[in-house]
2 protein chains.
Amino acid sequence: MAENRITPRAEDYAQWYQDVIAQAQLAEAAGVVKGCMVIRPHGYAIWEAMQADLDRRFKATGHQNASFPLLIPMSFMTKEAEHVEGFAPELAVVTQAGGKELEEPYAIRPTSETIIGHFFSKWIDSHRDLPLLINQWANVMRWELRTRLFLRTSEFLWQEGHTAHATHAEAREEAVRMHHVYRDFCHEIMAMPVIRGIKTANERFAGALETLTIEALMQDGKALQAGTSHDLGQNFGRAFDVQFQNDAGEREYVWQTSWGVSTRLVGALIMTHSDDDGLVLPPKLAPIHVVIVPIFRKDDEKVRVLEAANRIAAELRDDGLNVKVDDRVSLKPGAKYYEWERKGVPLRIEIGPRDLDSESVMTKLRVAAVDESGRAVKEVRPMADLGVSIGKTLDEFQTQLFDTAQARLTAGTVHVDTWDDFVDVFKDGGSRFVYAHWDGTTETELAIKNETKATIRCLPTDGDGPEAEPGKCIKTGADSAQRVLFAKNY
Amino acid sequence: MAENRITPRAEDYAQWYQDVIAQAQLAEAAGVVKGCMVIRPHGYAIWEAMQADLDRRFKATGHQNASFPLLIPMSFMTKEAEHVEGFAPELAVVTQAGGKELEEPYAIRPTSETIIGHFFSKWIDSHRDLPLLINQWANVMRWELRTRLFLRTSEFLWQEGHTAHATHAEAREEAVRMHHVYRDFCHEIMAMPVIRGIKTANERFAGALETLTIEALMQDGKALQAGTSHDLGQNFGRAFDVQFQNDAGEREYVWQTSWGVSTRLVGALIMTHSDDDGLVLPPKLAPIHVVIVPIFRKDDEKVRVLEAANRIAAELRDDGLNVKVDDRVSLKPGAKYYEWERKGVPLRIEIGPRDLDSESVMTKLRVAAVDESGRAVKEVRPMADLGVSIGKTLDEFQTQLFDTAQARLTAGTVHVDTWDDFVDVFKDGGSRFVYAHWDGTTETELAIKNETKATIRCLPTDGDGPEAEPGKCIKTGADSAQRVLFAKNY
């Protein structure tokens, strides 16, 4: 990458992704800490906006936040057989503390089912203690060999919900409820359409009976798993002896769920909306909604223009918008436009001496229509009721981003019925969302992955995928009851 | 502790503290992870309320949040000579990851000056990049031998501000600004008066030129350091080569500050306001402001009373109050009163069939005046405008808690001029805030600590401590320019 250049998507999508992050100052590789990243203020502000909305949704569905230890005794990791198999290779291990070798080493949590199971066993005694609905915002660590900013890092930030219920039906209901919460968040706030579905046994969370997932389609045709919600059954209840006395006075193991989304959502956001000019943010997640760039030459103009810019900013803030006045004198307006476009600010206001006379301003949307000569359309807006007019434009922009992403998802989804066509989709680094028949065996799933790098993203939930229709597996020709969703994935 | 009993403060203050935490379900020792704790939902909600207010203050003073790695290369810890000496004995160390021994082990961050210094050196090049004002909400780890819930745990949650400036004057101004922000937060939100001052060289942060502190007086006469703000000078700038080009085109090391408060503030809150009946919370930090306890015998009463309780709750919520309707049928009203008093809910509403007829409710404040017969005063309030009337009462309660704590601070502070009197204050486990003269040497400071367990909490800031007047050191009789603040401490 040349300094300050953003590689076009068509040239190198992976490099484009890195350039957008670097130019918008969202994050950078830690370098000195293997596989870890620093989330810079502009990137962290997007994560904070995500957190605020998700947290509100979690609380509205009855969950409470708590904090559990970062460290987990190694012996805990081994109590649930599938869990340890899934996570053991990725653990970071503390073997010394306070200047001494530890008798039993600790793992830095890769996820907290085990330690939370331990505390649930202390807190739950009666059916009156259920349901227990807990969420934790935390950092977790999974030692990764190949990392990519936001998408896969050794340490990442996330939330992990952990709940315990008296019946399997209630636990299922909870897992489905949070699956819907995640979908609604992606649609309403991230403007990112997702397909809901069920993971195959092979892609399931280590220790779960069933994993529900939401899958998004990135601009390059690859899928990104954006969130998962697990029906844990009684697996962790048995491993950590979490029992309660039911109505009939009998002791039973609780039924549990867990569910999580992480900072990888920031990566998903970038690869859903951004373009060759840099970051594009939906207004509902933009740390700055509006940047005001004052334009002036002489000193007397400067005073008048800055006064107006600050007055307009104050008015817009009263209307609930986050506004930045870029009054730096070291940069020309054009350089400022360029910088704020890269940072994804949804709307820019340009204001100069002539605008003061006409009591109007010029505005430009981050993703604007172009006129006949190919130039981005700017709009003249009266200063009166500017907050209302901009608020309306930002609402429309939020919808426009969703509609564009939805159209791309629709256009990027195909039904495939033959192995040749299937191979064709995924050759030469290609990928799309492919609905195809599969015989239901892990063996076939792995053979397909091995030959094409495409994985089964999910068995789509009714309504999100195609209507159920029987068919023949594209690979083996065996019977299949439903098409499943294939794609290469991040 | 007998189950459900809160040990009276006069009997055993340390046990009372533990009992209050257990009975209010604020937190518990992790047990299986040495020195760590679980913060339960009620305790975490208090921390969240603290975070929300502090975060608003940090942003209002121009700071932005970011996230830095949990792990720090061990070699970083040794780059600042005093820093490593201060923190090395408390480090938890990761020596294995991803199934392999690491070539260079990592420390789990005990604080982040070193790793953040490293990134500052990458981000700062010109005076235009300054000031750089960053804050991080994070978990940190300091392996402690003797731990106490919230006050001293091996892992704790905190915020750490890290800033870089072009001049020492600007860095000092920043350190003082945040010192004031902490004081204002303690006074306005926690209703906890604090004394601002400067730490002695002996009590200073490892690597700082100067440490500013706020010190609060707990009910047992001991001091609690509630927050610190450090002038780091150029120490970390030199250690991590953080240079900038100044106006004159010369390269200079930046001047830095760091400042932090942690979950120990929850402990400070408990030991400032709570009583023998359990937790007492100032309304501005109470997760639940009002609990409504419906009172009924017959089923027809139940319907009417619950309907009214829910209607009132909705009205109060519209007025911005957090309200809980305790409609559990398994508990009698008295048991509910008892439970919510222990949890520190500031105000209780009792509502029964007769109240419906009179269109009024009975309310009781968590810390109520008592009548002639020694019984807590309850108030009858009309249902009309209940939100306004309760809002006013909660504001008064917030003020009342501060005034009570301030009166205790005043009564618990003495001026002492002789060694015999000094020893007398601290004998038999006693402690107060003692203003006494000191000769300014570390040798005398340590001798005093050795003999009495009292430490110098701070050299009080003008206006917070007594007027400067010269005198003679209580221990050596040498000259002293100013009284300093002594106490035993948490």
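# Briefing: strand pairing and the interface of chains A and B

Within strand β11 of chain A, A:Q225 is the bridge partner of A:E215. The model described here is predicted. About 4,200 Å² is buried between chain A and chain B, and over all chains the structure holds 76 salt bridges.

**Open sheet of chain A**

- In chain A, 11 strands make up an open sheet with mixed pairing, and their order is β3-β7-β8-β14-β11-β10-β9-β22-β25-β21-β20.
- The edges of this sheet are β3 (64-65) and β20 (413-415) of chain A; each has a single partner strand, so one side of each lacks a neighbour in the sheet.
- Strands β10 (residues 210-217) and β11 (residues 223-233) of chain A run antiparallel and are joined by eight bridges.
- Helix α6 (residues 168-188) of chain A packs on the sheet, where it touches β7 (132-141), β8 (155-165), β9 (195-198), β10, β11 and β14 (255-262) of chain A.
- The direction of helix α6 of chain A makes about 15° with that of β14(A).

**Open sheet of chain B**

- Chain B also has an open sheet of 11 strands with mixed pairing, in the order β3-β7-β8-β14-β11-β10-β9-β22-β25-β21-β20.
- At the edges of the chain B sheet stand β3 (64-65) and β20 (413-415), each with a single partner strand, so one side of each is without a neighbour in the sheet.
- Strand β9 (residues 195-198) of chain B is joined by four bridges to strand β10 (residues 210-217) of chain B, and the two run antiparallel; within this pair, B:I195 stands opposite B:E215 in β10(B).
- Helix α12 (residues 386-411) of chain B packs on the sheet and touches β9, β10, β20 and β21 (433-437) of chain B. The direction of helix α12 makes about 25° with that of β20(B).

**Strands β4, β5 and β6 of chain A**

- Strand β4 (residues 71-73) of chain A runs antiparallel to strand β6 (residues 100-108) of chain A, with three bridges joining them; A:P73 has A:Y106 as its bridge partner in β6(A).
- Four bridges join β5(A) to β6(A), which are likewise antiparallel, and the bridge partner of A:V93 in β6(A) is A:A107.
- β5(A) and β6(A) form a hairpin that has two residues between the strands, and A:G98 in the turn shows a positive phi of about 60°.

**Interface of chain A and chain B**

- Contact involves 53 residues of chain A and 53 residues of chain B.
- Carbon and sulfur atoms give 61% of the buried area.
- The interface has 22 residue pairs in polar contact, both residues being at pLDDT 80 or more.
- Strand β5 (residues 92-97) of chain A supplies six residues, the largest share of the side of chain A that touches chain B.
- That side of chain A has 33 nonpolar, 10 polar and 10 charged residues.
- β5(A) runs antiparallel to strand β5 (residues 92-97) of chain B, to which five bridges join it.

**Salt bridges**

- Side chains of opposite charge can pair when their charged atoms come close.
- Four salt bridges are found across the interface of chain A and chain B.
- A:K122 forms a salt bridge with B:E28, and their closest N and O atoms are 3.4 Å apart.
- Within chain A, A:D53 forms a salt bridge with A:R57, with 2.6 Å between the closest N and O atoms.
- Both A:D53 and A:R57 lie in helix α2 (residues 41-60) of chain A, four residues apart, which is about one turn of the helix.

Key
Residues are numbered from 1 along each chain as its sequence is written. Chains are lettered from A and ligands numbered from 1 in the order in which they are written. This is a predicted model: local features need pLDDT of at least 70, side-chain atom pairs count only at pLDDT 80 or more; totals for chains, interfaces and linings use all residues. Side-chain values use heavy atoms; hydrogens and water are left out. Two strands pair if DSSP finds at least two bridges between them. Contact means heavy atoms within 4.5 Å. Axes are lines fitted to C-alpha atoms, for helices over the stretch in contact, and angles run from 0 to 180 degrees between N-to-C directions. Buried area is the accessible area (1.4 Å probe) that two parts lose on being put together, summed over both. A salt bridge is a side-chain nitrogen of Lys or Arg within 4 Å of a carboxyl oxygen of Asp or Glu. A polar contact is a pair of N or O atoms within 3.5 Å; within protein, one must be able to donate a hydrogen and the other to accept it, and residues adjacent in sequence count only if both atoms are side-chain atoms. Ala, Val, Leu, Ile, Met, Phe, Trp, Tyr, Cys and Pro count as nonpolar, Asp, Glu, Lys and Arg as charged, and the others, Gly among them, as polar.
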